[in-house]
Amino acid sequence: MAVHIHNPNFFHTHHLRSSLTSASASPSSYLFHRHSASKYPSFLCKSNNKDDYLIDAPVSVGDGFSFSGGKYSDQPSPSDEWLKQGKWVKAHRVGGSGVEAKDPIFGLTMGASSQASKDLFRWFSVESGSVDSPPVILIHGFPSQAYSYRKTLPVLSKNYRAIAFDWLGFGFSDKPQAGYGFNYTMDEFVSSLESFIDEVTTSKVSLVVQGYFSAAVVKYARNRPDKIKNLILLNPPLTPEHAKLPSTLSVFSNFLLGEIFSQDPLRASDKPLTSCGPYKMKEDDAMVYRRPYLTSGSSGFALNAISRSMKKELKKYAEEMRTSLMDKNWKIPITVCWGQRDRWLSYDGVEEFCKSSGHNLVELPNAGHHVQEDCGEELGGIISRIISKSALF
């Protein structure tokens, strides 16, 4: 994959062709030009590719909106294997009055997965590397999971303590019903991120964030520059044209229709991940992404609430992000990595923004919106070299 990096002060003021390959990634050529359970009765089903699957769905685990288990083969579940690699981190105090959450349609008491924790929220986190190494925190986009960094984590773990987590409302982290302890506003994502980072490390960190959540992470970095060594943004909403959700995501914010579509695992996970770039999802990976939607309606309700907040607040937050990144007093090293096959966010204006703001730009011609899915191992090598090179200045 050819990768182009822009910034005048990082390597040379003129074009320099160099190698950014790693042992775990195939050799690539880079162009730098920088500008500053238990058993239950099973049902046999047939998939389109004629593989046999078992549905294991005990009513006792369901919440009335979906079922537990989903489309599993009789082989080990990929999502179970992923869960074994992680742990739950308790961070960010639960707000609200403590009353039981009720669903927004019928007013019925929600299942346990939609209820807020008693004191602190639980975040699912996967960590790789030595605890004594410099920390790098990988932050997924909207909508995705920490699982999207599964190929990046092993590469970074050679020299760093790499941590990937699921945002509240996503993946395997807590998903309280909106209005009952967490409302999924952008401000809450900023403050909860601060709580999570303070819980997992006392050291300064390098942050990598993908997509629309970049706006929230940049605000956190602006508020806490003392905690940040480097900030790497993967296809962030940098231009005014980016400050609008694509229809694939905005549909989840619609009244009634949004509630229905957000409960559909194919619409909620498969379609957003595969419609924004060249990524072709394998069935094993799809089952990890679908698992939260198959096991509880809380994932869909959270997606609906997040979409509404994002649709309402993204423009404001994106404008604040651009202002912050254009500030001449900004001190944190910034690198923008851009997958040029992004079908949601146009590349138009991105290079000009990085030139005028003096931030580094890495172009990945064969990656889409979810860069870490399209070239996870390669991204790990790029991140490692960005962090190590910035440490020299």
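1. Asn-235 is found in the loop that runs between strand S12 (228-234) and helix H5; please bear in mind throughout that this is a predicted model. Although Asn-235 sits in a loop, it counts as buried because its relative accessibility is 0%, and the cut-off for that class is under 20%.

2. The polar groups around this side chain deserve a look. The side chain of Asn-235 reaches the backbone nitrogen of Gly-339 at 2.6 Å, and it also makes a polar contact, at 2.8 Å, with the side chain of Asp-342.

3. Leaving aside residues up to four places away in sequence, Asn-235 touches Gly-211, Cys-337, Trp-338, Gly-339, Asp-342, Leu-345, Gly-368, His-369 and Val-371.

4. Is Phe-255 buried or exposed? With a relative accessibility of 71%, Phe-255 counts as exposed, since the cut-off for that class is over 50%.

5. Phe-255 also belongs to a nonpolar patch on the surface, which it forms with Leu-256 and Ile-260, and the accessible area of these residues together is about 360 Å².

6. For the protein as a whole, the model has twelve helices and 14 strands, and 58% of its 393 residues count as buried. The accessible surface comes to about 16,900 Å², with 52% of that area belonging to carbon and sulfur atoms.

Notes:
Residues numbered from 1 in each chain as written. Predicted model: local features only at pLDDT ≥ 70, side-chain atom pairs only at ≥ 80, totals over all residues. Heavy atoms only, no water. Patch = residues over 30% accessible without salt bridge, like charges linked within 9 Å, V, L, I, M, F, W, Y side chains within 5 Å. Areas by Shrake-Rupley, 256 points an atom, 1.4 Å probe, with all protein chains shown as cover. Salt bridge = Lys/Arg side-chain N within 4 Å of Asp/Glu carboxyl O. Buried < 20%, exposed > 50% of the residue type's maximum accessible area, 1.4 Å probe, protein only. Helix = DSSP H or I, 4+ residues; strand = E, 2+ residues; numbered from the N terminus. Polar contact = N/O pair within 3.5 Å; in protein donor to acceptor, adjacent residues only side chain to side chain. Contact = heavy atoms within 4.5 Å.
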